[in-house]
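Dear colleague,

Please read them alongside the coordinates.

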Amino acid sequence: MATPQAAAAGPGEQQIQANAAAMLEQRRQRRYLVKALLRSPTFMTGFVIVLFWVFMALFSTFLTQSPTDIDAMAILQAPSAAHWFGTDDLGRDVLARTMAGARTVLVIAPLATILALLWGGIIGLVSGFYRGYTDEIIMRLVDVLLALPIIITSILVLSLLGKSVAIVIVVIGALFTPVVSRTIRAAVIGEREREYVMAARLRGERSAFVMAREILPNITQPIIVEGTIRLGYAVFTAATLSFLGFGLVPPSPDWGLTIATERIFLQIAPWTVLFPAAALATLVVGVNLITDGLSRVFSK
Amino acid sequence: MSAVEQPANSPDAAPAALDVRDLEVTFHRRGRDLPVLKGVTLRIARGEAYGLVGESGCGKTTLAMAALRYLAANGTVDAGRVLVDGQDLSTLSEEAVRKWRGEQIAMVYQDPATALSPAMRIGDQVAEVFRYHEGLGKAESLERARESLRRVALPDPDATLRRYPFELSGGQQQRVVIAMALAVNPHLLVLDEPTTGLDATVEAEILDLIEELRGRINAAILLITHNLGLVRRLCERVGVLYAGRLVEEGPARDIFTDPRHPYTMGLMRCVPRFGMNKTDAALQTIPGTLPALGEPLQGCVYSARCPMAKPVCSRREPDLYAWPGDAGAKGATEAEAMPADPAAYSPHHANPVGEAARHARCYFSADVAEMPRMTPVLATSLEARGGTEGDVLEIGDVSRTFKDGRKRLTAVHDVSLSLKRGETFGLVGESGSGKTTLAKCVTGLIAPDSGSVTFEGMTLRATAGRRSQDALRAIQMVFQNPDSTLNPAWSTRAILTRAVRKLGAGGGSVRAKVDKLSADVRVEPRFLLQRPTDLSGGQKQRIAIARAFAGDPTLVICDEPASALDVSVQASILNLLVELQTNERVSYVFISHDLAVVRYISDRIGVMYLAELIEVGSAEEVFNPPHHPYTEALLSSIPKLDFDSQQQRIPLRGTMPSLSEPPSGCRFHTRCHRILGDICVNDVPPFQEAAGGHTYQCHIPPDELLALQTATEPAAPIEV
């Protein structure tokens, strides 16, 4: 800054230069996080895998054959030049179905995760912020919910409420809420004793303001990490539920559903099951790699 | 010892304990090279204690780490070499260095809690040193561990061996760390801020221990600290580091009585001398801030902040010249004649080894004694600040108990005090004495169990949430930790704007008020755009002060507002508080463990011990006899800078009793050096009035106490 030009500039200009420098510094900090993520092989691998499936979910119909077209002349054919992944019991192209199968899971899992973050976030904030009896009661309820086996509970609830995709999303979101609320509660407890929160209380701020505006912006990193962890599990749970016959019905190319309907041919035409199963596995691994990369960069 | 290599041009026959030559260390961070140490040369003779001082970020710890080959992975030694006991560490293998370090060097860090494994018993941890380095068996090594605990004067070594670190106090933990450090009879003992974070009385005990051990061990000491008083007490020689450069070096006594570098002088002037008060003299601060790591500097590293800098200083860097001598002036003449071309400049460093006893990196060392003083605002008298207008705050019999499992810890017990308008009430006492809890009871962050807080004649609600906005506006607080006092997610301007919106007394635009506040605390407007993480500790604390003043408060509670800051920054924060008080006629409750600081800023002082206020009086009265024996012991424990002050240390016996089971009678009787006998054990002492408004809680009447405390004979601790 101590160049002759700066010294010659008027006070107003100096002010503008200084402001610009301050803003640049802030942008530099944010860019550093992004750069660190781009440089992390773990994050990038996961990111590429997930990006691949998102791309396929959106555009696979333009690239492959139709996932629902039945070809009675080509039933249970092994992988070949015409059908790279082979065909299923109705003569449908397994490649087309596998690629298109990403669509349902990539709608259900993220929406369920967002619901879980929203509900868990509110419960965790309230519980961690108020502590005392509020915290005790909420956390004991959370303990009870955590003790429920996820799959059995969701089957019961879905049998009761109906099997639509929307209900599957809500049920997964609700079942993940207790775990999320615990993570967020722990993060809130770490922040609430900090001096800036005491300063807010001495200013007469309402509790809702302190939670939403003072504490929440400072716990975004644990929230993001928790979100990606839940996303991985949500992919898994959504697939399991459709495997069990909830949420989706044939002829949807959904992976879980496909594995369920084709598994009787596992002995004679293993490609009908293995490709959707492998697709599911890569997506879960991809999401988990993103989680790992994020938490490593954040903890630095 | 005979096998080790002799340093090339050492004048002495025996190799120095530590011999650092032209050491250059660079850190690599985010793709940038940041030079941390630039051509540092120093030499510690065997058995010598060397103090390394300077503000944080000057490279003190890096120097020690580089010397021990402990540098972090992103740091490299670019030039120079380090000989420890004549041995060049860089030539050894990783494994050999580890073995060698264990046998020759010991380190004691700032935080004893992190130096000890929380999962291991003390005995096992200390014994491990003997098992690993001397190959002793289990029983034998435990026996040696017991011996070494006895050596550091830990009470009941047998019981301590069986304890876990969390069962010991901070002072005891540090004793264990020192015991482990000395277990191998090291040739070099590195103490990195060994007493920072410990109470004054504990600090004094640790210093006594180190001093006492020095007579028995043959180790050289490298003491790294920001506390000049500590160096003055322990060290024969001292080096002053600034921005990676050694700027002054020599015998501690000479440097502290007659500094010859403007930075050393600045450091000495910004610490309040003991007994100094804000109405006598303002603290001298060092203008500007430490250059950021890697910032290109031309000429003298200190020239940008130096009050006596001349054009030549920023043209060519001065060498480390011998003092006394005319070399500095000669260098300046040469530099004046040089063309102002940075390319022509080549750094060269005078090598102090074996030359003169003192060196200073300054052209104008001769003028340092007359370094110009700044004239910051001097505090006005209490009367001018409104002190005659009556009491602003009245605390009546406030108590607060916390539950810890089944134990009930009374943190504040029946404390009463009052505060006048414009007055500063200093609150001192060791950690755990209840200072902060009392302060939080006043602000409403903690609700007292009983007692009342009356403010301007109105009894306040117990918690902040139930108080009116007017009551909140009137009582604000400045917190201790600059890193958590501001919300890191908000910009500085947003923080102040919100404070003005919620607390501002109306009238005028919010924006104008924010600008005025930041101008009042001397924060440049450009910093308002930044987030707290981009500000220095001093700037953060200034913003926190501005936030507290947003609603023109009547009372501001300052809980250790400057203790986490470097001394020069601390001085400027204290000056700022004094200035704001003079202008705004605000009252302060000022909490600090630094007695010189409290004495400087306070009009009246209260001393807390074990949840009770045991002495109250004017700052001068409390700090002079007759005063409570506890106050007497506290005061005697501070390491002072003046060489000629006769200091009698009064060691406190034992450790602080538990708050859940305070001692009977006088709470201080278990540690008191002036204990009378059963009366102290059985009867709660009365408050004795020593002078108008000066009272203390003790069985000894003022005239007797005065006679005892002014007697030349040191008081011998009496065993009960």
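How many residues of chain A are in contact with chain B, and with how many residues of chain B? There are 21 residues of chain A in contact with 27 residues of chain B, two residues being in contact if their C-beta atoms, placed from the backbone, lie within 7 Å. Please keep in mind that this is a predicted model, in which local features need pLDDT of at least 70 and side-chain atom pairs count only at pLDDT 80 or more, while totals for chains, interfaces and linings use all residues. Residues are numbered from 1 along each chain as its sequence is written, and chains are lettered from A and ligands numbered from 1 in the order in which they are written.

On the side of chain A that touches chain B, the elements giving two or more residues are α2 (11–39) and α9 (195–202) of chain A, and the largest share, eight residues, comes from α2(A). Helices here are DSSP runs (H or I, at least four residues), as are strands (E, at least two), numbered from the N terminus. By class, that side has nine nonpolar, five polar and seven charged residues, where Ala, Val, Leu, Ile, Met, Phe, Trp, Tyr, Cys and Pro count as nonpolar, Asp, Glu, Lys and Arg as charged, and the others, Gly among them, as polar.

Within chain B, the axes of helix α15 (residues 492–503) and helix α17 (residues 537–548) come within 9 Å and cross at roughly 20°; axes are lines fitted to C-alpha atoms, for helices over the stretch in contact, and angles run from 0 to 180 degrees between N-to-C directions. That angle makes α15(B) roughly parallel to α17(B), a term for angles under 35 degrees. T492(B), I495(B), L496(B) and A499(B) of α15(B) make the contact with I543(B), A546(B) and R547(B) of α17(B), and these divide into five nonpolar, one polar and one charged.

Also in chain B, helix α21 (residues 629–636) is largely enclosed by the rest of the structure, because seven of its eight residues are buried, meaning that 20 or more other C-beta atoms lie within 10 Å of the residue's own, with C-beta atoms placed from the backbone. The buried residues are P629(B), Y630(B), T631(B), E632(B), A633(B), L634(B) and L635(B), and what covers them includes α8 (200–214), α19 (595–601), β21 (604–609) and β22 (612–618) of chain B.

With best regards

Note on methods
Parallel < 35°, antiparallel > 145°, perpendicular 65-115°, else oblique. Buried ≥ 20, exposed ≤ 12 C-beta atoms within 10 Å, placed from the backbone.
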